[in-house]
Amino acid sequence: MNVIQVLTSSPLFGVCLTILAYEVGCILNRKLKTPVANPLLIAVVLIIVLLKLLGVSFDTYNQGGSIITLFLAPATASLAVNIYAQLEQLKKRLLPVLAGALVGSVCSVGSILLLSHLFGLDESLTASLIPKSVTTPIAMSVSQQLGGIVPVTVAAVVVTGIVGAVFAPTFIRLFRVKDPVAAGLAIGVSSHALGTTKALEIGEVEGAMSGIAIGIAGLITVILAQFLA
Amino acid sequence: MKHLVQAAVVFLICLMGEALVGIFSLSFPSSVISMILLFLFLIFGLIKQHHIHGIIQFLQQNMAVFFIPSGVAIMENFDYLKNSLLPFLLICVISTIITFAATAYTVRFVTAVQQKQQNKRKGGEAQ
């Protein structure tokens, strides 16, 4: 057994690699001062390159990786605290919030169907893309239901999330969104929990609305999928 | 509350979420069910915000890290995506922008309509 095999045989390999790669991403992000140098994006690229160089398979990495992924559900659930803290705001703005999430989700699915048709994508790739704006676990089950390829859906969800996390402040400026409720909801509906990480940085109201959007947009997309299946 | 106990509380809620999804075979993922459960516990005062403050901070500050392994999984589908990588990326970017704008403008529009109606009602009362 060589050194690499010994090192990678423990789940701790994937755990350490993930945390350290993210730390490198954070340092580069501070140094480069450009939103494209997103820590998550850097970490993912870094890990893939390293695994390829070392000849380590994804499954070996994911022994530890799956331990990290385990925290995704509690992290999503934790957004309930932010929503609770903004309860008054939500009560006051319930109708615009629900309408925004509905129109946003329909536009997400609609634009993917239209663009996939324009680019001439096959049915399974289209089905994999349809739920890409909602949170990973919902997206996975919707993709399965529509005959998509689940790992491709996960890829699309992550790419979409990174787009949201990186460019949310740009979108807010571009579309002149001054209302924090509208901004937060738009981030959450378009780029789920990953975009929400950015929304939490922007402000309390934005973070909470983005968290609410994950649940509502997820629910609406599940319902929309029933019509497409 | 000790950090470890805080973690146990939140994980237990997630476990309840998973149990509910399993027992009633819901087509809704457990993480969102758990979010609703935690929200209800907070509303009914069964859990206070300060009880779980530490673990919530830990989870939210490191949220991006928890996505990394799912992102790395892309390497398993390089071959499938290779042929349609450009449309794949373009669709991800374009539809995200469309969704963002549609959501934000809908909130703005509905809020404006609501305000107009409120003003009208106020005007009516004044007369």
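**Exercise 1. Find which residue just after α8(A) takes a positive phi.**

Solution. Helices here are DSSP runs of H or I with at least four residues, numbered from the N terminus. Please keep in mind that this is a predicted model, in which local features need pLDDT of at least 70, side-chain atom pairs count only at pLDDT 80 or more, and totals for chains, interfaces and linings use all residues. Residues are numbered from 1 along each chain as its sequence is written, with chains lettered from A and ligands numbered from 1 in the order in which they are written.

Now step back into the helix. α8 of chain A covers residues 94-118. Its 25 residues reach 36 Å from first C-alpha to last, close to the 36 Å expected, where the expected span is 1.5 Å times one less than the number of residues. Among its buried residues are Pro96(A), Gly100(A), Cys107(A) and Ile112(A); buried means that 20 or more other C-beta atoms, placed from the backbone, lie within 10 Å of the residue's own.

**Exercise 2. Work out how many residues of α13(A) are buried.**

Solution. First locate the helix: α13 of chain A spans residues 204-228. Then count: 18 of its 25 residues are buried, which leaves α13(A) mostly covered.

**Exercise 3. Describe how chain A is divided and what joins its parts.**

Solution. Chain A has domain 1 (3-70) and domain 2 (79-228), with bounds from an automatic or database domain assignment. Their C-alpha centres lie 26 Å apart. The contact takes 5 residues from domain 1 of chain A and 4 from domain 2 of chain A, contact meaning C-beta atoms, placed from the backbone, within 7 Å. On the domain 1 side, 4 residues are nonpolar, 1 is polar and none is charged (nonpolar: Ala, Val, Leu, Ile, Met, Phe, Trp, Tyr, Cys and Pro; charged: Asp, Glu, Lys and Arg; polar: the others, Gly among them).

**Exercise 4. Characterise the side of chain B that touches chain A.**

Solution. Begin with the totals: 61 residues of chain B are in contact with 86 residues of chain A. Next, look for the main contributor: α6(B) gives the most to this side of chain B, with 22 residues. Finally, sort by class: 41 nonpolar, 18 polar and 2 charged residues.

**Exercise 5. Find where confidence in chain B is lowest and where it is highest.**

Solution. Chain B averages 90, and 98% of the residues score at least 70. The lowest mean, 83, belongs to α5(B), and the highest, 95, to α1(B). For the complex, the predictor gives an ipTM of 0.86 and a pTM of 0.84.

Note on methods:
Helices (H or I, at least four residues) and strands (E, at least two) are DSSP runs, numbered from the N terminus. A residue is buried if 20 or more other C-beta atoms lie within 10 Å of its own, exposed if 12 or fewer, and partly exposed in between; C-beta atoms are placed from the backbone. Two residues are in contact if their C-beta atoms, placed from the backbone, lie within 7 Å. pLDDT is the predictor's confidence in each residue, from 0 to 100.
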